[in-house]
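Subject: Structure for your review

Dear colleague,

Please find below the sequence and structure that I am handing over to you. My notes on what was found follow directly after them.

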Amino acid sequence: MAKPDAAAAAADVRDEGAVSRFVERFAAQLTEAGMQRMAARVFAQLLASDEGAMTSAELSEALRISPAAVSGAVSYLTQVNMVSREREPGSRRDRYVLHNELWYETFTRRDQILTLWEKTLREGVAGLGADSPAGARIAETAAFFEFMQHELLGLMDRWRTHRATLDLG
């Protein structure tokens, strides 16, 4: 965690225009990848915040959106486990917080989804018949997800090893 003096110094040099451009650019890329637009904007804003956490009012002000839009975006991000809701100490206000090791956790959850999809696809092959064109196509898709799951596990292990060598504070 950053020292208060370091956080204050960082705030002095923070270019809010550049931050806003980053948030909108990354949000647009997340939207292109399939994330809901407002959820992408809220996520990118949280990512760009020094604390990795903001209240609904702070998000609404930073993104110039309504509290209802923040609420809908946060509901989606909470549902997909990208953020969590925490009570601000001594307050009735909620803060929306990025998970620690966000990307690792997100991809690890994808592994669980791949397992579920693979199982369902294999059941589909059994029902359609492996020799039918649809059965063969679904079998290939299941094999692809099985391959991806195996590769993802190895990749996550390599990431943890590599992350330990980085000076990330």
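The backbone oxygen of Leu-46 lies 2.7 Å from a polar atom of the Ser-49 side chain. Please note that this is a predicted model. Ser-49 itself belongs to the loop that runs between α3 (37–48) and β1 (53–55). Is Ser-49 buried or exposed? Its relative accessible area is 14%, and because the limit for a buried residue is under 20%, Ser-49 counts as buried. Leaving aside residues up to four places away in sequence, Ser-49 touches Arg-14 and Met-54.

**Helix α3 and its two partners**

Two packed helices are described by the angle between their axes and the distance between the axes. For helix α2 (residues 16–32) and α3, the axes come within 8 Å and cross at roughly 135 degrees, which means that α2 is oblique to α3. The crossing of these two helices, α2 and α3, is right-handed. On the α2 side, the contact is made by Val-19, Phe-22, Val-23, Glu-24, Phe-26, Ala-27, Leu-30 and Thr-31. On the α3 side, the residues involved include Arg-37, Ala-40, Arg-41, Phe-43 and Leu-47. Sorted by class, the residues of the contact of α2 with α3 are eleven nonpolar, two polar and three charged.

**Positive phi angles in two loops**

Arg-64, in the loop between α4 (56–63) and α5, has a phi near 55 degrees, a positive value in a residue other than glycine. With a relative accessible area of 73%, Arg-64 is exposed.

Asn-81 is placed in the loop between α5 and β2 (83–87). Its phi is near 60 degrees, again a positive value in a residue other than glycine. The relative accessible area of Asn-81 is 34%, so this residue is partly exposed.

Yours sincerely

Technical notes: Residues numbered from 1 in each chain as written. Predicted model: local features only at pLDDT ≥ 70, side-chain atom pairs only at ≥ 80, totals over all residues. Heavy atoms only, no water. Helix = DSSP H or I, 4+ residues; strand = E, 2+ residues; numbered from the N terminus. Buried < 20%, exposed > 50% of the residue type's maximum accessible area, 1.4 Å probe, protein only. Polar contact = N/O pair within 3.5 Å; in protein donor to acceptor, adjacent residues only side chain to side chain. Contact = heavy atoms within 4.5 Å. Axes fitted to C-alpha atoms, helices over the stretch in contact; angles between N-to-C directions. Parallel < 35°, antiparallel > 145°, perpendicular 65-115°, else oblique. Left-handed = near helix turned anticlockwise from the far one by under 90°. Nonpolar A, V, L, I, M, F, W, Y, C, P; charged D, E, K, R; others polar.
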